Each structure stands twice: as structure tokens, then as C-alpha cells.
Amino acid sequence: MTVAGIVALFTLGWTMVDLSLSPDKLKFYAWHKWVGCSVFVLTIARLLWRLTHPLPPLPDDVPSFERYLAGAMHSFLYVILLAMPLIGWIRSSAEGISVVLFGVLPLPNLVEKDKVLAETLEIAHWAGSWVLLALISGHVLAALGHHLIRRDAVLTNMLPRCRWCSIVAVVGVTLLVTIFATTAKAGPIDSWRIAYNDSEINFSGKQLGVTMSGHFSQWQAEIVFDPDNVNATRVRIEIDIASINTGFPEADELMARNTWLAVAKFPEAIFEATQLQHINANRYEMQGQLKIRDQIHPVNIPLTLQMIVSPSNPDKLLGKASGEIIIGRLDFGIGRGAWADTDTIANEVRIFFTLQGERAL
Ligand code: HEM
């Protein structure tokens, strides 16, 4: 199980760091962390078991330096198998991202948020993964050397009793994780990679006649769109409400409160498209559902869409979508009690956005 876990960790780890921000990427990170924590628990269990079940002795003809080397290698393997998950866990805490095991069991943060520590541990985790890989390769080569050259029982002693079960488990996990990783990497052909740095989601509203505006700095979009097959369009945008930025810290703090966006209770606003219609030329209309707080309402968003073949890469299509809608804040329960008075803060809130991205042609 530990071997299968390590195969999964490397496959997920190497794949996820190259993915652009998407729901798949977040799932990969979560699974990587969950499997990593499971390997930590399995390693402790194995160490406890070893205390009562010592390793079978090496054959008599194994020279003493090799015995010493084997002992050192085993100890180092245990150390790194315990250190890697701990480094990963501390790194996540330092980034300010808690680990919630299998989405249900929150683990405590081991350190306060600390950007420099997070960056240092990222390098340590990456370096540790290569040390672990080198140790595993050395271990496998040594075992094969015993089996094929010395023809002794070292390799067969290392294998678990039910050999076929373990081979099937390792091959099965490797295949599953590889299929999972390659399909996520490829994505559907008409899926767009969003250029988050060139995209924005803004809003504005009136306060006693004065227009106030702001934006959300954290959000993610999953967009599948092919102009030749508009009916197959899929759009889902998740906005991290805590990332609201009005330019006034006091206003941001007010927005987070229960009377406004209730960030602690409803951390995300979600838009999901149900239909896209081509109006004419580059004009479209998207119908969908918008969820803010615990309120879901249908919305129609007129859009303009520009697409060109990338001047630097003829295999890529570049796209830019802009649009806006007006929503009634009171329909979503935003601004309650004394704030519900629309003479002070108007009910209409304009949400306007520009999304840019690319996809394979
Ligand atoms: C034995 C356990 C583990 C192994 C072998 C392992 C291995 C790896 C590998 C190979 C990568 C990719 C490194 C790269 O190419 O940049 C990676 C990345 C990562 N791992 Fe682990 N990992 C383990 C446990 C954990 C745990 C328990 C956590 C968190 C709770 C974690 C968090 C991360 C994070 C956040 C990254 C992404 C780093 C980045 O964004 O550059 N890992 N890990």
C-alpha cells in the first residue's frame, strides 16, 4: 500500500504543479495531500510493526559494509517517508491553506501563515522528492542485484506474502492515477485555459449617488466552448468572496459581515451557465444561475466574444469575452437591517467582467 501511495504521490505531484488553475488542479492538490498524509500514517504503523517483527537476517555471505549500507538506507527511507508529509503539511499551513483530510477531517495548522517559510519548504519538499526517488531506485537496484546476480533470498524476503495482490495493487494504482492525470492534463479539446492575469471580475454600485467600484482578485473559471458547437458550452465560475477588494479595507470588512456577504458562511459565489445563444456576429447571450450567499437566481448575460488565431502559435485560439449584468442586491440578501435602505445604497449592482484565455485549435 505504501508503494502504491508513493507511485500516486509522484504522479499527482508532477502533474499538478504544471496544471493551470482549475478545479482539476485543486482536486489533484487535495488528493496529493490526502495520500501523503495516509503514507505518513502507514509509515508510523510500519515502524511500530518493525519494533516487534525484526527484518529477516541477511544471508551470511553479505559483507559487513553492505549490511551497514542496507541498515543506513532503511533508516534514511523511514526518515524521509516521515519528513516529506510533515514538510508538505507545514508548508500548506505556512501558505495559510489548511489540510482537510478527505474533505471531512480538518487537521490543525502546524505554523502561522509565513510566505518565506512556505517558499523554503516548497524547495525542501521538491528536493526531498528527488532524494526519496534516488533512495527507492538504489533500494530496487540492490534487491534486483541480490536476486539476479547473487541469487539469494533477499528480494523474495522483501516481498509481501500475497505477491499477486501487491503486484495487482501497484499496477492498478499506477494505471488509474496515470489515466486520471493524463485526462486532466489534456482536458476536453474545447476547454479554455484562462489567462487570470489578463482577466477581471468587477462590480460597482451607487452610494448616495456616488459610484463605488471594486473587484474580486481570486476566482476560477471552467469554460468549455466551441463556436461551432455552442450547445455544448459549459461555464462555471467560482468567486472567492473573501478576495473582495473595494480599495477601502473598512468597506471590505463590512462586506464580509453576515449582514452583507457573510463570507464565513458562504465563502463562494457561483455562476453556472445553462445555455448560450449566438445573437449575431460576435454577440452572444448566456443564460445561467447565479448563487450568492444562499440565494440562487436565474441571470441572462449579454456577451461580446472575440477570437483570433494566436499570432505566435497557429495551433492556438485566443479568446476574449466581455459582458455585464445588473443584479438586485436585495434579491440575494446582501445588505440587511439598516443597510436594506436603498436610498443610501442602491439596490442595483453592476457586475462586469473580461475573461481572456486560449485553447487548442
Ligand atoms: C511521502 C509523501 C510525499 C511525497 C513523496 C510527495 C511528493 C511530491 C512531489 C514529487 C511533488 C512535485 C514537486 C515538483 O515537481 O515541484 C510534490 C508537490 C507538493 N506536495 Fe507533496 N509529497 C508528499 C506528501 C505531501 C503532503 C502530506 C502534503 C501536504 C499536506 C504535500 C503537499 C505538496 C504541495 C502543496 C506540493 C506542490 C508544490 C508546488 O506547488 O510547487 N505533499 N510532492
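**Notes on the model**

1. Ser-204 counts as partly exposed because it has 16 C-beta neighbours inside 10 Å, where a residue is called buried if 20 or more other C-beta atoms lie within 10 Å of its own, exposed if 12 or fewer, and partly exposed in between, with C-beta atoms placed from the backbone. The place of Ser-204 is in strand S4, residues 200–207, strands being DSSP runs of E with at least two residues, and helices runs of H or I with at least four, both numbered from the N terminus.

2. This is a predicted model, in which local features need pLDDT of at least 70 and side-chain atom pairs count only at pLDDT 80 or more, whereas totals for chains, interfaces and linings use all residues. Residues are numbered from 1 along each chain as its sequence is written.

3. Setting aside neighbours within four places in sequence, Ser-204 is in contact with Thr-211, Met-212, Ser-213 and Arg-350, a contact meaning that the C-beta atoms of two residues, placed from the backbone, lie within 7 Å. Ser-204 and Gly-214, which are 10 residues apart in sequence, are separated by 6.4 Å from C-alpha to C-alpha.

4. For the chain as a whole, the secondary structure comes to 7 helices and 13 strands, and buried residues make up 19% of the 361 residues. Of the contacts between residues at least 6 apart in sequence, 60% join residues at least 24 apart.

5. Strand S11 (residues 295–309) and strand S12 (residues 316–328) run antiparallel and are joined by 7 bridges, two strands being paired if DSSP finds at least two bridges between them. A hairpin of 6 residues links S11 to S12, and Ile-308 has Leu-318 in S12 as its bridge partner. S12 is also joined, by 13 bridges, to strand S13 (residues 345–360), again with an antiparallel course, and here Lys-316 stands opposite Ala-360 in S13.

6. Which residues are the closest to the ligand? Of the 25 residues that surround the ligand, the closest are Gly-13, Gly-36, Pro-85, Gly-88 and Ser-129, a residue being near a molecule if its C-beta atom, placed from the backbone, lies within 6 Å of it. Helices H1 (2–16), H2 (23–52), H3 (64–95) and H4 (115–150) each supply at least two residues of this shell, and H3 gives the most, with 7 residues.

7. The shell around the ligand divides into 15 nonpolar, 7 polar and 3 charged residues, where Ala, Val, Leu, Ile, Met, Phe, Trp, Tyr, Cys and Pro count as nonpolar, Asp, Glu, Lys and Arg as charged, and the others, Gly among them, as polar.
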